[in-house]
Amino acid sequence: MKIFHVFLISSLLFSFSRSKSMLLHEVGAAVSVLLGFAPPVAFSAAGSSKLNEVLIPNPFDRPLAVFMLEVSGVDDPVVVDPKNDLFRNALKSSVDLGSSKADIQLPDEEEVSVISLDEPLEDYTEENISDFASWLGGSYVTDATKTLHGVLTIPLANGDNVNLHMSKKVHREFALKLFALSQNIRKAMKIHEDLSETLQRPAEFLMASFDGIKALQEQDDTDGFDKQGMRLLLATVSKIFDSLQTAYEGQIVGVVVFNGVPQSEAKTLMNVMFTSRSSPRWLAETKSSHNTTTLAAQMLVRRTLAWVTGIVLLTATLLGVYFLLNMPLTRDTLLYSNVKLD
């Protein structure tokens, strides 16, 4: 059985232990609850008990925003970078993969905004790369002989520097995937600003995946660069979540899944499934029999009742008009009697 590591990052969570064992569909149910929706109807009592240990019990205290990132090629980030405070202080869960996928059940699309952060990078300049390096606290040195072939230097928490040579295909692809993720995050924060101004703000679910580490591991000439790439990825995720915490004023939970298996085998582990909410009338009609004879009999009874009611009302109206027109035109004895009542 494959074991994956899931980290839930937020001050809106609590647990009796910093490490929990959960199933993949329980992680999906936790995401639904964090977004303010009920877990699946068939959710087990044992799963509900685990969620009660992890989530704050107040149903009105939900962040209504979740950032989920699936990373392939990294097993346990705490082992890779023990000094990373974001993951070291997060709620860690070892996930038993009982199935290849798990569904995150959400209601109608009008109640939740699902934003994909996997949009490819269309165009970029050396200025964009320089801004990205500055955002991570690093620098970008251009190449005078050829554009977009400079060196991107990013400092790590342990004091080391990661040098990405844009002239090398492996380094360039890895750097651009990190850059694309950061750009998509910025777009998502702009969407959040627009949604915050609406009267009924929907829940927000940000979904992203990253397979750049696996691409580094598959190359023969990386010379251990995949380990540095893992640390750089963790530093970038930490920076991204700090930006999201600021934009959402702390009302967001990060769910980072590290599967450590090739992308071709795992792909995305979580699948979003919309389930429309049915109205009571629709439920009543669904429970009724769809037998053709029964429906025909019901229609006959309803039409007969409508015709009988219409005929009775029409007859009463005609009789009322007839007697009104044929009333005698004599003075009323009580009104014109001149009788004084004490």
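**Briefing: salt bridges, a buried helix and surface patches**

K177 counts as partly exposed, at 32% relative accessibility. Its side chain meets that of D211 in a salt bridge, 3.0 Å from N to O. K177 lies in helix α6 and D211 in the loop between β10 (203-210) and α7 (212-217), so this pair ties together parts that are 34 residues apart in sequence. The model is predicted. A search of the whole structure finds three salt bridges.

**Overall build**

- The protein chain has 342 residues, and buried residues make up 39% of them.
- Its secondary structure comes to 11 helices and 12 strands.
- Take the contacts in the chain with a separation of 6 or more: residues 24 or more positions apart account for 77% of them.
- The chain exposes about 20100 Å². Carbon and sulfur atoms supply 55% of that area.

- Side chains of opposite charge can pair when their charged atoms come close.
- E26 and K50 form another salt bridge through their side chains, at 3.3 Å from N to O. E26 sits in helix α1 and K50 in helix α2 (residues 45-54), so the bridge ties together parts that are 24 residues apart in sequence.
- E26 is at 3% relative accessibility, so this residue counts as buried. K50 is at 28%, so K50 counts as partly exposed.
- E204 pairs with R201 in a salt bridge. Their closest N and O atoms are 3.4 Å apart.
- E204 is buried, with a relative accessible area of 1%. R201 is partly exposed, at 34%.

- The buried residues are L24, E26, V27, G28, A29, A30, V31, S32, V33 and L34.
- One of them, E26, is the salt-bridge partner of K50.
- An α-helix has 3.6 residues a turn, so residues three or four places apart point the same way.
- Just after α1, G36 takes a positive phi of about 95°.

- L164 is found in strand β9. At 0% relative accessibility, L164 counts as buried, because buried means under 20%.
- Which residues does L164 touch, not counting residues up to four places away in sequence? They are G150, V151, L152, H171, F174, A175, F225 and L232.
- L164 and A175 are 11 residues apart along the chain. Their C-alpha atoms are separated by 7.1 Å.
- S167 is found in the loop between β9 (161-165) and α6 (169-196). S167 is at 43% relative accessibility, so this residue counts as partly exposed.
- S167 touches H149, G150 and R172, leaving aside residues up to four places away in sequence. G150 is also among the residues that L164 touches.
- S167 and K146 are 21 residues apart in sequence. In space they are 9.1 Å apart, C-alpha to C-alpha.

**Surface patches**

- D118, E119, E122 and D123 gather in a patch of negative charge on the surface.
- Where is D123? D123 lies in the loop between β6 (112-116) and α5 (126-135).
- D123 is exposed, with a relative accessible area of 64%. The cut-off for exposed is over 50%.
- L319, Y322 and F323 make a nonpolar surface patch of about 350 Å².
- L319 has its place in helix α11 (residues 292-325). At 45% relative accessibility, L319 counts as partly exposed, because that class falls between the buried limit of 20% and the exposed limit of 50%.

Technical notes:
Residues are numbered from 1 along each chain as its sequence is written. This is a predicted model: local features need pLDDT of at least 70, side-chain atom pairs count only at pLDDT 80 or more; totals for chains, interfaces and linings use all residues. Side-chain values use heavy atoms; hydrogens and water are left out. Buried means under 20% relative accessible area, exposed over 50%, partly exposed in between (1.4 Å probe, protein chains only). Helices (H or I, at least four residues) and strands (E, at least two) are DSSP runs, numbered from the N terminus. Patches are made of residues with over 30% relative accessible area and no salt bridge: like charges are joined within 9 Å, nonpolar side chains (Val, Leu, Ile, Met, Phe, Trp, Tyr) within 5 Å. Accessible areas come from the Shrake-Rupley method with a 1.4 Å probe; for residues, only the protein chains shown count as cover. A salt bridge is a side-chain nitrogen of Lys or Arg within 4 Å of a carboxyl oxygen of Asp or Glu. Contact means heavy atoms within 4.5 Å. Lys and Arg count as positive and Asp and Glu as negative; His and the chain ends are not counted. The place of a charge is taken as NZ of Lys, CZ of Arg, CG of Asp or CD of Glu.
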